[in-house]
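Biologist: I'd like to learn how to read a protein model. Could you walk me through one?

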Amino acid sequence: MKQKTSLPEVLLIVGLILMAGLSRLITNEMQLWNFNAIGASALFGGVVIKNKRLAYILPLATLFLTDLCFELFTNIQGFYGAQMFVVYGAFLLITWIGANLRKVNALTVFLASIGSGVLFFLISNAGMWALGTMYPHTFSGLLTCYAAAIPFFRNDLFGSFFLNTIMGNVFYSAVLFGAYALVKRLAFKPQQQLA
C-alpha cells in the first residue's frame with residue numbers, strides 16, 4: 001500500500017525546490033555560471049516526491065520561473081529559442097534518473113549528481129549544436145561545440161579543476177537531501193504513545 005505525502009511534507013518539498021530556483025538567480029548574478037541547484041532539485045524531486053507528475057512539474061516550473069525572472073529583470077536572456085526545450089528535456093531526464101534510483105543513500109545520490117551534471121553538459125551542448133547555427137552539423141562541429149562549452153563547465157571560484165555544473169549538483173544535492181532528512185526527522189516523526 002502506497003503511503004501518501006502529507007501537506008506539510010509537500011510544502012517542505014516545494015519550498016526546498018523553490019529555494020533551489022533562487023540559487024540560480026543568485027549565482028548567475030554573482031557570475032558563478034551553472035553553479036546552481038536546478039539539476040539537484042530535479043534529482044531530488046525524482047527521488048523524494050511520490051506524485052511523479054508533480055516530481056516532473058516542479059523542477060520545470062522552477063526553471064521556467066527563473067528564466068522569466070532573467071528575461072524581465074536582468075540583462076540575461078531567459079528565453080533563448082528552441083535550445084531551451086533541449087535544456088528543459090535534460091532536466092526531465094535528470095528527474096527520471098532520480099525517480100528510478102533503486103537504492104537511495106549518500107553514495108548513489110553523489111554518483112547520480114555527478115552523472116546528471118555530465119549528462120546535462122552533453123545534452124544541452126548537443127542541442128546547441130543540432131539546433132543552432134554557430135557550428136557545422138558535422139561530428140567535428142559537435143566536438144567544437146563541446147570544446148567551446150568547457151569554460152561554462154569549469155568553476156572559476158574553486159579553480160579550473162572543478163566543474164560548475166557537477167560541483168553545483170553535488171553541493172546542492174547534499175543541501176537538499178540533507179535538509180529534507182533533517183527537517184523530516186525533526187518535524188514529521190511519529191508521535192510516541194504513552195504507556
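Predicted model: local features only at pLDDT ≥ 70, side-chain atom pairs only at ≥ 80, totals over all residues.

Biologist: Which residues have the most contacts inside the largest nonpolar core?

Modeller: A nonpolar core is a set of buried Ala, Val, Leu, Ile, Met, Phe, Trp, Tyr and Cys residues joined through side-chain atoms within 4.5 Å. Buried means under 20% relative accessible area, exposed over 50%, and partly exposed in between (1.4 Å probe, protein chains only). Here the largest core has 18 residues, and I13, L16, I17, F44, V48, I49 and Y180 have the most contacts inside it. Helices α1 (7–29), α2 (38–48), α3 and α7 (164–187) each supply at least two of its residues; helices are DSSP runs (H or I, at least four residues), numbered from the N terminus. The top giver is α1, with five residues. Apart from this core lies another, of twelve residues, including I38 and V87.

Biologist: What does F44 touch, leaving aside its neighbours within four places in sequence?

Modeller: Contact means heavy atoms within 4.5 Å. With those neighbours left aside, F44 is in contact with I13, L16, I17, I49, L176, F177 and Y180.

Biologist: Is S116 buried or exposed?

Modeller: S116 sits in helix α5 (residues 106–131) and counts as buried because its relative accessible area is 1%. Beyond neighbours within four places in sequence, S116 is in contact with I94 and N169.

Biologist: Which residues form the nonpolar patch on the surface?

Modeller: A nonpolar patch joins Val, Leu, Ile, Met, Phe, Trp or Tyr side chains within 5 Å, using residues with over 30% relative accessible area and no salt bridge (a side-chain nitrogen of Lys or Arg within 4 Å of a carboxyl oxygen of Asp or Glu). Here they are L18, F64, L65, L68, L72 and F73, with about 590 Å² of accessible area together, by the Shrake-Rupley method with a 1.4 Å probe, where for residues only the protein chains shown count as cover. Helix α3 (residues 52–73) gives the most, with five residues.

Biologist: How many disulfides does the count come to?

Modeller: A disulfide is a covalent bond between the sulfur atoms of two cysteines. The rule asks for a pair of cysteine sulfur atoms within 2.5 Å, and the count comes to zero. C145 is buried, since its relative accessibility is 2%, while C69 is partly exposed at 27%.

Conventions: Residues numbered from 1 in each chain as written. Heavy atoms only, no water. Patch = residues over 30% accessible without salt bridge, like charges linked within 9 Å, V, L, I, M, F, W, Y side chains within 5 Å.
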